[in-house]
Amino acid sequence: PPAPRAKTQERVVNVKPEDIHARKQPPVIILKLDDVKQFRDGDVHGRWKRIANYLEGKKVKGSFGVLCETLTNATPQYAHWFADRRQAGFIEFWFHGYDHATHTVDGVKFNEFNKRPYEEQKARTTQSQALAKEKLGFTFTTFGPPGGVGSGSFDENTLRVMAEDPDINVMLYPQPFDAIGREYDSSGKLKILDRVWAVNLESAVGVPGFQTFLNGYAANPDRAYFVLQGHPAAWDDARFAEFEKIVDFLLSQKAVFMT
């Protein structure tokens, strides 16, 4: 028999910044930056300090996701960094999980807030909120589930826990809307902010890509807001420069950066 015909791949056409016209209604941008935790020297990692200084210097708002396990032994130096950022007024800190660890069910790995019983998810959330209150002086009002493995980062138990938490009122949804997400969003208690996968800071985890972002942004001209995810602890100078290009482009588009 004849050999199967090779599949033709659609050619990606890279968009140029100057070809993207400003929108009549500027987009709202939420910089969802993941995985703040206390470093082994008792301080926040220097790359987190770098991005906080950058955003504050640009007067751009950003949202930093906190892992709460290291709050157990939070040093005064670590806690003061949070207080200083909150006082400056540009950074929101949100709940990104207790330890970001995976667990195994029937030989399959799942992320921290997926396939755990309701009671366990509730306990992790309650413990994290108590640590934040004790060590940092505030509780989280926003939640974004931690990932790691490709089996989903939350389940319906997660949505129930977050809707019941007295302080959480926003969930950074790690996917486009589905039926259960719309149900909770319409309930009035939990505001769901969903994602557009094609429009993101990083083209791969830990690797910001300006061109990939531009292509996705140009392809979604009617979208009102974008939740853009990144992992600043993984950004060296070259990767940080790509992030800067994205921010500068969005500023040229008159984007509104919000927490």
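**Exercise 1.** Find out whether Glu56 and Arg85 are buried or exposed, and work out how the two residues are joined.

*Solution.* Start with accessibility: both Glu56 and Arg85 are buried (under 20% relative accessible area; exposed is over 50%, partly exposed in between, with a 1.4 Å probe and protein chains only). Next, look at the side chains: Glu56 and Arg85 form a salt bridge, with the closest N and O atoms 2.5 Å apart (a side-chain nitrogen of Lys or Arg within 4 Å of a carboxyl oxygen of Asp or Glu). Helices are DSSP runs of H or I with at least four residues, strands are E runs of at least two, and both are numbered from the N terminus.

A word on the model: it is predicted, local features need pLDDT of at least 70, side-chain atom pairs count only at pLDDT 80 or more, and totals for chains, interfaces and linings use all residues. Residues are numbered from 1 along each chain as its sequence is written, and side-chain values use heavy atoms, leaving out hydrogens and water.

**Exercise 2.** Determine which parts of the chain the salt bridge between Asp248 and Lys58 ties together.

*Solution.* First, check the pair: the N to O distance is 2.7 Å. Then locate the partners: Asp248 lies in helix α7 and Lys58 in helix α1, so the bridge ties together parts 190 residues apart in sequence.
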